[in-house]
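I opened my notebook to look up how this protein is put together. Come and read along with me.

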Amino acid sequence: MMDRMKNHFLLLLCISWLSVEAQNSTRTPEQDSLIARTRRESQADHRKMLDLLGITELRPGVSNKASAPNAANYDESKANPFPKLPAALTLKNGKKVTTAQQWWNQRRPEIVEDFDREIYGRVPARTPEVKWEVISVTDSVNGTFPVKIKRLLGHVDNASYPAISVDLQMIVATPAQASQPVPLMLELAYALAPVLNSDSHEPTWQQQLLAQGWGYAQLLPTSFQADNGAGLTRGIIGLMNKGQSRQPEDWGTLRAWAWGAGRALDYFEKDKDVDAKRVGIEGHSRFGKAALVAMAYDPRFAVAYISSSGEGGAKLHRRNYGEVVENVAASNLYHWMAGNFLKYAGPLGWNDLPVDSHELIALCAPRPVFIGSGDEGDSWVDAQGMFMAAAAAGEVYEFLGKKGLGTNTFPSVETTLISGDLGFRQHAGGHTAAPNWPTFIQFAKKYF
């Protein structure tokens, strides 16, 4: 069984061919060949989707190199070409939402439909059952904290198309001496690391959770859906399509990863060590995007920490700062989204989008969401654009009797905004989730 996990992991490239490309000095000829094949297959699938949409050409994305002719904009005075956002509390017929019932029964479904059709894609009406298998249970120590660690495989029922096998990989760690089910944070992880003993004097995020008496889990999204376009005919998306290419409204990888997070939550509901009513979700960068999508679509998640999610996540699509829509629509990243999303980098523009990211955050209401990012070295994800989305989502939170950020003024670095049910902090540092964990835990303690 462990050999099966290892082979499955290798076939899905860990994260993506992009991450392997960055490791030029350590690549083997076999890896070079795999990267080249993955790139060719991704480009071919991308072109097939453009043909389905009747698009001959997309606008190019921007570069993170300041010297490039198409360098990304980092001038705030040029960052808001379309300052008017879609109205989260106005129905499509133009009428204002005046009651909570109208929000839940009318306006929220309208917003979900727009995200399904145009942004992230539709999850099939029926997805296969996932049967979780506990591979091992071990006693260990994380820092000074005794923990019980379970390694699990979630076997997806592939009876509808046996040619594609899909397994979800996850670890779950809970305090060994807990006398009752504990709250738990699920991380969408780049790699599974059950015990991380920090080399510094600062405790790891896992140890910080254990200090609260909470547990942690890590789900490997790339174990069930690869992070490239070549993988769209495999993994859970490929299984549902019986190995065929997507249609424009079919789900993209972010929705697939979020679907997997929901299947992990299914497992927690049966694990006597976990308080399934107090499970939160966390993700960083591309997995921050997926964590926000999971929080928006699955009402069982109690709280979320969304780190440096940027374009396709918490950043406003209408912002011209750092990464933009055209970057995500390109052949190396388009798989994250529904095929229809590509239209907004081609014949349509950003202001044609029927929804924006403040409404994705609003779909999480009234549950608490903390959004974080870095400062130096993290401009690509547009901290101010994510703050603006969170601030705009506050209208829905307040309409439902909760508290927003409490300000529309972008705060200085290291300012903590966690007095409401939406939180925000930009730490001094680069592209990492680590410095904001203590603030998030302080935020989450209000609810756990």
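What radius of gyration would a compact globule with 448 residues have, and what does the protein have? I found that a compact globule would be near 22 Å and the protein has 21 Å, which agrees. (The radius is taken over C-alpha atoms, and the globule rule is 2.2 Å times the number of residues to the power 0.38.)

Before going on, I noted that this is a predicted model, where local features need pLDDT of at least 70, side-chain atom pairs count only at pLDDT 80 or more, and totals for chains, interfaces and linings use all residues. Residues are numbered from 1 along each chain as its sequence is written, and side-chain values use heavy atoms, without hydrogens and water.

Next I looked up the secondary structure: 12 helices and nine strands. (These are DSSP runs numbered from the N terminus: helices are H or I with at least four residues, strands E with at least two.)

I then followed the open sheet of nine strands, in the order β1-β2-β3-β5-β4-β6-β7-β8-β9, with mixed pairing. (Two strands pair if DSSP finds at least two bridges between them.) Its edge strands, β1 (130–142) and β9 (422–426), each pair on one side only.

Last, I checked burial: 56% of the 448 residues are buried (under 20% relative accessible area, with a 1.4 Å probe and protein chains only).

Key:
Buried means under 20% relative accessible area, exposed over 50%, partly exposed in between (1.4 Å probe, protein chains only).
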